[in-house]
Amino acid sequence: MYVQHLSVADFRSWTRADLAFEPGASVFLGANGEGKTNLLEAIGYLATLGSHRVATDAPLIRAGAERAVVQAAVVSAGRQLVLEVEITPGRANRAKLNRSPVPRPRDILGGLRTVLFAPEDLAIVRGDPSERRRFLDDVLVQLTPRLAGVRADYERVLKQRAALLKTAGAARRAGGAGDLRTLEVWDGHLATQGAQLLAARLALVAALRPYATQSYAELAPASGRLALSYVSSVVDPAGNDTGEIPSVEVLSEALLAELARVRPQEIERGVSLVGPHRDDLEIRLNELPLRGYASHGEGWSAALALRLACYELLSADGAEPVLILDDVFAELDAARRDQLASIAGKAEQVLISAAVLGDVPPALTGTRYLVADGEVHRAG
């Protein structure tokens with residue numbers, strides 16, 4: 001799989017950009033703030049319908065523009081797909097597949113697979129649990145695009161249920177009874193959608209675990225062993241470490257039971273306290289939680305190991321993903337840089353951004369694009 005052509009209009013800093021690519025390595029060179037990352041972000045957006053830099057779409061629209069459009073021609077298994085998304089803040093985005101409109105933007109998911117490593121990835125190992133949940137879910141929708149619908153349905157249920165809890169809690173604090181007649185209905189929806197999402201995450205962590213452990217061992221052989229565990233209030237940690245994943249039905253029943261147990265606290269606080277939105281991915285180094293214990297270098301190695309694990313998993317699942325390395329070589333020491341270059345050199349396509357060519361290992365210099373003053377030119 002590789003991106004053959006990229007076109008953006010009013011995306012981030014770009015009024016317009018059109019680029020042709022070939023398999024192999026392509027490097028975007030330019031000073032900070034010139035828009036290199038914006039182009040890579042656009043490609044990543046088509047793969048996940050999300051940005052690796054911001055949580056909402058509004059910042060993706062160029063200042064003063066009403067909408068942004070990202071289009072890419074992707075070659076996969078010898079055939080070409082044209083993917084397009086129109087991003088409009090405050091309204092539903094629209095998408096096209098092979099220039100024909102599709103009912104929902106998520107219908108284009110699976111047409112392009114990417115693994116993007118960027119400085120922001122340090123938040124996966126050092127940031128809040130929401131960063132790790134987002135990491136897992138972005139990989140899930142590339143592996144199984146239908147799960148984008150499950151995630152959207154779950155988020156809709158959470159929103160509706162939270163509104164009900166908040167209203168009922170306020171009524172009770174004011175001396176009333178609070179209308180909770182529909183809460184059991186929303187509990188059922190939460191358990192149904194949440195169990196599907198939870199089962200998929202558990203399976204993903206089990207599949208990523210050996211790849212992440214091996215990648216970390218290659219990147220930092222002297223630092224110890226990296227391990228992953230999924231942390232949930234309704235799953236036995238020992239069981240998910242051994243790969244014993246409960247069925248969706250069992251998980252749904254467990255979620256319903258836990259919801260019943262914490263109902264008084266939920267009504268009092270006005271929030272949903274149980275479900276995949278409260279879970280976490282625990283990353284351990286030598287049996288200690290990496291967050292809070294690891295050095296800066298160990299954190300970088302762990303973040304990179306997770307991304308490389310995703311690359312190996314997606315490659316084993318089918319089409320080899322496009323590897324995107326956004327301004328990361330300058331952050332790595334010589335050993336980690338060489339190891340990453342060795343792995344990236346095997347990819348069918350790798351897209352790299354850097355401030356100076358010297359930051360990029362010689363084996364990956366490939367085709368070069370100079371980015372400056374709102375323009376991008378192929379340099380060789």
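Phe21, Phe28 and Tyr369 form one aromatic cluster. This is a predicted model, in which local features need pLDDT of at least 70 and side-chain atom pairs count only at pLDDT 80 or more, while totals for chains, interfaces and linings use all residues. Residues are numbered from 1 along each chain as its sequence is written, and side-chain values use heavy atoms, with hydrogens and water left out.

Me: Why is the pair of phenylalanine 28 and tyrosine 369 called stacked?
Reply: Rings of Phe, Tyr and Trp (its six-membered ring) pair if their centres lie within 6.5 Å; planes under 30 degrees apart count as stacked, over 60 as edge-to-face and the rest as tilted. For phenylalanine 28 and tyrosine 369 the values are 5.2 Å centre to centre and 20 degrees between the planes, so the pair is stacked. Phenylalanine 28 lies in strand 3 (residues 24–29) and tyrosine 369 in strand 14 (residues 367–372), 341 residues apart. Strands here (E, at least two residues) and helices (H or I, at least four) are DSSP runs, numbered from the N terminus.

Me: What makes tyrosine 369 count as buried?
Reply: Buried means under 20% relative accessible area, exposed over 50%, partly exposed in between (1.4 Å probe, protein chains only). Tyrosine 369 has 2% relative accessibility, so it counts as buried. Phenylalanine 28, at 0%, is buried too.

Me: How do you know that strand 4 is largely enclosed by the rest of the structure?
Reply: Eight of the nine residues of strand 4 (residues 68–76) are buried, so the strand is largely enclosed.

Me: What makes strand 4 a partner of strand 1 and of strand 5?
Reply: Two strands pair if DSSP finds at least two bridges between them. Strand 1 (residues 2–11) and strand 4 have seven, so they pair, in the antiparallel sense. Valine 8 stands opposite valine 70 there. Nine bridges join strand 4 to strand 5 (residues 79–87), so these strands pair as well, also antiparallel.

Me: What makes a set of residues a nonpolar core?
Reply: A nonpolar core is a set of buried Ala, Val, Leu, Ile, Met, Phe, Trp, Tyr and Cys residues joined through side-chain atoms within 4.5 Å. The largest has 83 residues, of which Phe135, Leu208, Leu325 and Leu364 touch the most other members. Helix 5 (residues 183–219) gives the largest share of this core, 16 residues. A second, separate core of 39 residues includes Val8, Leu19, Val74 and Leu83.
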